[in-house]
Amino acid sequence: MKFRFLYFFFIWVLINCKNDKKEILSADREAPLGWIYLKMYDDESFEFISQGMMRDKDIYVGNYKLKHDTLYFKYKDSIPKVGSKAIIQKGFVNYLNGNYSESLHVKLNNLPVSK
């Protein structure tokens, strides 16, 4: 009985440890009555979050690729109006191909150096 419990506990620990991901880039800016956040993780996933005091939180998730200083975002469901391509420049993430230009101030940047 003890062995069976330990076996299931060990399997549970392994499954839960796999889901740990480390944030390697964090950027944000204050928006009218709210905030916009970008969180990127070491497993090449990201969250783009737009939230406000007077509106719900919109969360866009997906995967990214980094090539030199350019980020390419592949969204899982819908694409926010900022677009799917951005560059990292002078401490900012600047979106390039959206309906409007967006610039988020980088707070944390542990992205690997791309060649």
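How many residues does the largest nonpolar core have, and which of them have the most contacts inside it?

A: The largest nonpolar core has 22 residues, and Leu38, Met40, Phe48, Phe73, Val93 and Tyr95 have the most contacts inside it. Such a core is a set of buried Ala, Val, Leu, Ile, Met, Phe, Trp, Tyr and Cys residues joined through side-chain atoms within 4.5 Å. Buried means under 20% relative accessible area, exposed over 50%, and partly exposed in between, with a 1.4 Å probe and protein chains only. In soluble globular proteins, nonpolar side chains tend to be buried together.

This is a predicted model, in which local features need pLDDT of at least 70 and side-chain atom pairs count only at pLDDT 80 or more, while totals for chains, interfaces and linings use all residues. Residues are numbered from 1 along each chain as its sequence is written, and side-chain values use heavy atoms, leaving out hydrogens and water.

At least two core residues come from each of S1 (23-31), S2 (34-41), S3 (45-52), S4, S5, S6 (85-89), S7 (92-95) and S8 (102-109). S1 gives the largest share, four residues. Strands (E, at least two residues) and helices (H or I, at least four) are DSSP runs numbered from the N terminus.

The eight strands close into a barrel in the order S1-S2-S3-S4-S5-S6-S7-S8, with antiparallel pairing. Two strands pair if DSSP finds at least two bridges between them. S4 (residues 58-67) and S5 (residues 70-75), for instance, run antiparallel and are joined by six bridges; Leu66 has Leu71 in S5 as its bridge partner.

Leu38 can be followed in detail. Beyond its neighbours within four places in sequence, Leu38 is in contact with Leu25, Ser26, Ala27, Phe46, Glu47, Phe48, Phe73, Val93, Tyr95 and Leu104. Contact means heavy atoms within 4.5 Å.

Ser45 lies in strand S3 and counts as buried because its relative accessibility is 10%. With its neighbours within four places set aside, the contacts of Ser45 include Lys21, Lys39 and Met40. The side chains of Ser45 and Lys21 are joined by a polar contact of 3.4 Å.

For the protein chain as a whole, buried residues make up 32% of the 115 residues.

Definitions and conventions: A polar contact is a pair of N or O atoms within 3.5 Å; within protein, one must be able to donate a hydrogen and the other to accept it, and residues adjacent in sequence count only if both atoms are side-chain atoms.
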